[in-house]
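Please read it alongside the sequence and the coordinates.

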Amino acid sequence: MQTITSRWKEATSIPLIKRRLSAQQKAALRWAMLDDNKAVLDLYNSDTSLIEEIAENYSVRACSLCGDVYTFEKLRESNVNFECMYGRANDIPWRDKTFDMVFLTESGDMYLEPESVANELHRIIKDGGELIISLPIFPFVCDEIPIISKSNRDLGFSKNKELMDLLKNAGFDDVSIRFAGVKYAVLIARKS
């Protein structure tokens, strides 16, 4: 028998409005060449709308790494249609060569050990896989560049070059930046 409380919980647990993707998530998804039967990781995203969008529209193994306990606990309690783990970017709790594609649209605390993070990303991506990073391209966006987490306020492509060099040194072969909209560009690093 249903009580008023159980009916209220059931009615309010269903999201009435689907979350929209942020500008950096749209930029990353625009350049992603997703296919079914792939493994995809959304790294350090406090807003899970990107991985939810991917899980709903593709037959993929969708995973998310949460960098904060609050988001992780919230996701564990809800009925999400993707794997979620708590961890740090310099010690990702998945096996070597697990993912075909890794999305990175937020910085988290990666700036503490950028070389370690770049090497860890290289470790978990399969041969032929891609790392897709959204980069702010104008100072008015007021965002940080993922992994190195330096502000883009002084608008210099030297910071993007620093990130590209970091990924090349970690073992990624083809690293390039592509225009993805008014506010964001996308860095794509391939592993062969």
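**Strand pairing and overall fold**

Glu-83 of β3 is the bridge partner of Cys-63. The model is predicted, so local features are reported only at pLDDT of at least 70 and side-chain atom pairs only at pLDDT 80 or more, while totals for chains, interfaces and linings use all residues. Residues are numbered from 1 along each chain as its sequence is written, and side-chain values use heavy atoms, with hydrogens and water left out.

**Chain composition**

- The chain has 6 helices and 7 strands; helices (H or I, at least four residues) and strands (E, at least two) are DSSP runs, numbered from the N terminus.
- From the N terminus on, the order of elements is α-α-β-α-β-α-β-β-α-β-α-β-β.
- Of the 192 residues, 46% count as buried, where buried means under 20% relative accessible area, exposed over 50%, and partly exposed in between (1.4 Å probe, protein chains only).
- Among contacts (heavy atoms within 4.5 Å) between residues at least 6 apart in sequence, 60% join residues at least 24 apart.

**The sheet**

- The 7 strands form an open sheet in the order β3-β2-β1-β4-β5-β7-β6, with mixed pairing; two strands pair if DSSP finds at least two bridges between them.
- From one strand to the next, the twist averages 20°.
- β2 (residues 61-66) pairs with β3 in the parallel sense over 4 bridges.
- Helix α4 (residues 69-77) packs on the sheet and touches β2 and β3, its direction making about 150° with that of β3. Axes are lines fitted to C-alpha atoms, for helices over the stretch in contact, and angles run from 0 to 180 degrees between N-to-C directions.

**The second largest pocket**

- This pocket has a volume of about 160 Å³. On a 1 Å grid over the protein atoms alone, a pocket is an open set of points where a 1.4 Å probe fits, with protein on both sides within 12 Å along at least five of seven lines. Grid points are joined across faces, edges and corners, and a volume is the space filled by probe spheres set on the points.
- The lining comprises 13 residues, of which Met-33, Lys-38, Asp-100, Met-101 and Gly-128 lie nearest the centre of the pocket; lining residues have an atom within 4 Å of a point.
- At least two lining residues come from each of β1 (39-43), β4 (99-104) and β5 (125-136), and β5 gives the most, with 5 residues.
- By class, the lining has 5 nonpolar, 2 polar and 6 charged residues. Ala, Val, Leu, Ile, Met, Phe, Trp, Tyr, Cys and Pro count as nonpolar, Asp, Glu, Lys and Arg as charged, and the others, Gly among them, as polar.

**Individual residues**

- Most residues other than glycine have a negative phi.
- Asn-37, which is not a glycine, has a positive phi of about 60°. Asn-37 is placed in the loop between α2 (23-31) and β1 and is exposed, with a relative accessible area of 70%.
- Lys-97 also has a positive phi, near 50°. Lys-97 lies in the loop between β3 and β4 and counts as partly exposed at 45% relative accessibility.
- Pro-114 belongs to helix α5 (residues 114-124) and is buried, with a relative accessible area of 17%.
- The C-alpha atoms of Pro-114 and Asn-90 are separated by 8.2 Å, although these residues are 24 apart along the chain.
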